[in-house]
Amino acid sequence: MTSPLATLALALSSGAVEVIDLTHTLDPDFPVIVLPPEFGQCARFRMEEISAYDHRGPAWKWHNITMSEHTGTHFDAPCHWVSGRDLPQSAVDEIPVDRFVGPVVVIDCSAQSAQDPDFLMTPKHIVAWEREHGQIPEDAWVLMRSDWSKKSGAAYLNMQDDGPHSPGPAPEAIRFLIEHRAIRGFGTETVGTDAGQGMHLSPPYPAHFLLHGAGKYGLQCLCGLDRLPPTGAVLMAAPLKIRNGTGSPLRVLAMIEKGTA
Amino acid sequence: MTDPLQPPVKKNPQKRTLSPTRPPESRSRAALGLTAAAAEGRFALQCCAECGEVQYPPRDACSSCLSTDLPWRDVSPKGRLIAETRIRATTSLYFRDRLPWRTGTVQLDVGPSVICHVHGDCERGARVVLWNRLDRAGQGVLIAVPEERTQNMQDDPQLRAMTSDPKHRRVLITDGRNPNAPALAKALLGAGAAAVFVGEGEKWRPYPERAALEALGVEFLPLDVTDTSSVGRMAAEYGGKVDILINNARFIRPGGVLARGDTGFARDEIEVNYLGLMRLAQGFGPAMCSRTGDGVNSAVAWVNILAATSLSNSPEMGCFSASQAAARALSQSLRGEFRAAGLRVMNTYVGPTEDDWHQPLPPPKVTPNALARDVVKGLQNGLEDVYCGDVAKDMAEKFRRDPKVLEREMTMGGEA
């Protein structure tokens, strides 16, 4: 009998299992979350040449890069939020590595998000999804597909005079996922796990407050969720091992069975 | 009257661009007092502290009593043009390309007679005013102009060679997000600028000034002074089309060292205010320096807008002031590096500006319009140092008199 891993390896080499990329390119002009200017701000991605086969280093090219833990496609650890600050294993370097690979389900909210940029996913939407695809398995990543990653420029943050407008989860949806489905984490295609207007919900920024308070993880600025099947994929999301890191840019990959997306 | 300057014709792409040349540059140390006054557009001559005799040319001992105490003082620039001629042949590379060149002798009301450049509208024997201007070598020189302004006076080729007039020139304002961008763009277009480019970073983030800029018909260029690749890309594409660069990019937050407790905002201040200037200079500097001899719309000036607290730190904005001091120091290096090309660095020092970050401060504050007016006037007069608003003027005066006294006043939190 073949081992499960050997089967997987064969499936990968034959193409029966595909690896897809759910990551935006780290680009200086990619939007980051914007806070009121008196607060500290998220650093943009920046790259400076150290040398490029020239007088600064004749045979090699390399760069120094700077960014925030929360720039680009990134992982949120529980200690990112005040609600998770005292939890054990709440920083990226402390989280056991098995948490970084696991099952993932995708709840498609792209139609509602196209209709309403302030769309909030509620438990009703989750239950309706489960009627079609079965109950969300325990310890799974739940990704909210909004197709928001296909937007660019000003349409992505969709910043207005009253703040950004982009879809996200309602507080009850996050509570439902934590209390009744024991999820591992929650991910979105928008700039944060919360809706653009999340600061006006209760609690403010409910996804951040509730998820991290419960020791769950966040993923944001994902792309390509339309290439994932609703169930049956495996997510690989390992943040950099930063001491006391509250998050990290990362390469998010998924394994899917060919033809299931 | 002067014939109005015509917009430049399109360049013949088969002709080589004129290499930069400079008028004679060497001066005695004493003569640099004239340059210092010209940098601010003042007319000053040495006046003997012992006998009061006004001196010209600059010297180390009084021509009347041999005293060596010869401070520079602002004096009346008025006089009479007693002789004039046109030079039609010269071995000077700079003047050869600009012949004929009018020179003459002015008998000043305050005493000395002065050999000087002569504006085309001055008539022999007429009353004239001497303007102390910087030539393209960056040295103070005197040019006689009519006592009463004449039509298109600024377009006189000799005067234009000494100024940084925006007329028919293309200007890049580096940061459209700065609240002063629309006022600057409007003033420059009003002064006859051929085009105004406005740098715009992070297009994904809307800002209120954009509508006003759009209405003025400026051209937006994606440019973020903190992003080396963005500066490099724009400099490669537009560097040869920028005749005047106005760096108005500014990151400012209140607070000194202890009030902040971290280096977060200070890093942003250095990234924008200091390294941003460096990136722009590395990007746009070479192209601009190569075009300082390029006819009517030659590259002519690099403008920095600096806080007056770059002269002496204001602890309420201590970290920001330090970044401004760094930028000021860098601008001095740029003056040295641009010198050979004759590209002028004009620093505009402003006191507290009318914006969000100075909202809790009492007036007087510099409005965007006042700043824009002074920038354009400074360019038209070819200045190197402009002090905009009462606070900046006052600080500059104190800085000249005694930097230590100024430092003590600034660091006593208004209790001086």
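Trainee: What makes strand 7 of chain B, residues 127-134, count as largely enclosed by the rest of the structure?

Mentor: This is a predicted model, and in it six of the eight residues of that strand are buried, so strand 7 of chain B is described as largely enclosed by the rest of the structure. The term buried is used for a residue with 20 or more other C-beta atoms within 10 Å of its own.

Trainee: How do you know which strands pair with strand 7 of chain B, and in what sense do they run?

Mentor: A pairing needs at least two bridges, and strand 4 of chain B, residues 78-87, is joined to strand 7 of chain B by three bridges in the antiparallel sense. Strand 8 of chain B, residues 140-146, is joined to strand 7 of chain B by seven bridges, again antiparallel. Val129(B) shows both pairings, being the bridge partner of Lys78(B) and having Val145(B) as its bridge partner in strand 8 of chain B.

Trainee: Which residue takes a positive phi in the hairpin of strand 7 and strand 8 of chain B?

Mentor: That residue is Gly138(B), with phi near 85°, in a hairpin that has five residues between the strands.

Trainee: Which helix belongs to the β-α-β unit made with strand 9 and strand 10 of chain B, and is the unit right-handed or left-handed?

Mentor: The helix is helix 4 of chain B, residues 181-190, and the unit is right-handed. The name applies because, with the strands pointing away from the viewer, the path from the first strand over the helix to the second runs clockwise.

Trainee: Why is Asp139(A) called partly exposed?

Mentor: Asp139(A) has 13 C-beta neighbours inside 10 Å, and since a residue is exposed at 12 or fewer and buried at 20 or more, Asp139(A) counts as partly exposed. Asp139(A) lies in the loop between helix 3 (123-133) and strand 7 (141-145) of chain A, and its phi is near 65°, a positive value in a residue other than glycine.

Trainee: And why is Asp147(A) given that description?

Mentor: With 17 other C-beta atoms within 10 Å, Asp147(A) is partly exposed. Asp147(A) is found in the loop between strand 7 and helix 4 (154-157) of chain A, and phi of Asp147(A) is near 60°, a positive value in a residue other than glycine.

Trainee: Where in chain B are cis peptide bonds, and what are their omega values?

Mentor: One joins Leu99(B) and Pro100(B), with omega about -5°, and Pro100(B) has its place in the loop between helix 2 (93-96) and strand 5 (101-108) of chain B. Another runs from Pro363(B) to Pro364(B), with omega near 5°, and Pro364(B) is in the loop between strand 14 (344-350) and helix 10 (368-380) of chain B.

Trainee: How do you know that the radius of gyration of chain B agrees with that of a compact globule?

Mentor: A compact globule of 416 residues would have a radius of gyration near 22 Å, and chain B has 22 Å, so the two agree. The C-alpha atoms of chain B fill a box of roughly 65 × 60 × 35 Å along the principal axes, and buried residues make up 47% of the chain.

Trainee: How many residues of chain B are in contact with chain A, and which helix gives the largest share?

Mentor: Eleven residues of chain B are in contact with 13 residues of chain A, and helix 6 of chain B, residues 228-238, supplies the largest share of the chain B side, three residues. That side divides into two nonpolar, five polar and four charged residues.

Note on methods: Residues are numbered from 1 along each chain as its sequence is written. Chains are lettered from A and ligands numbered from 1 in the order in which they are written. This is a predicted model: local features need pLDDT of at least 70, side-chain atom pairs count only at pLDDT 80 or more; totals for chains, interfaces and linings use all residues. Two residues are in contact if their C-beta atoms, placed from the backbone, lie within 7 Å. Helices (H or I, at least four residues) and strands (E, at least two) are DSSP runs, numbered from the N terminus. Ala, Val, Leu, Ile, Met, Phe, Trp, Tyr, Cys and Pro count as nonpolar, Asp, Glu, Lys and Arg as charged, and the others, Gly among them, as polar. The radius of gyration is taken over C-alpha atoms; the globule rule is 2.2 Å times the number of residues to the power 0.38.
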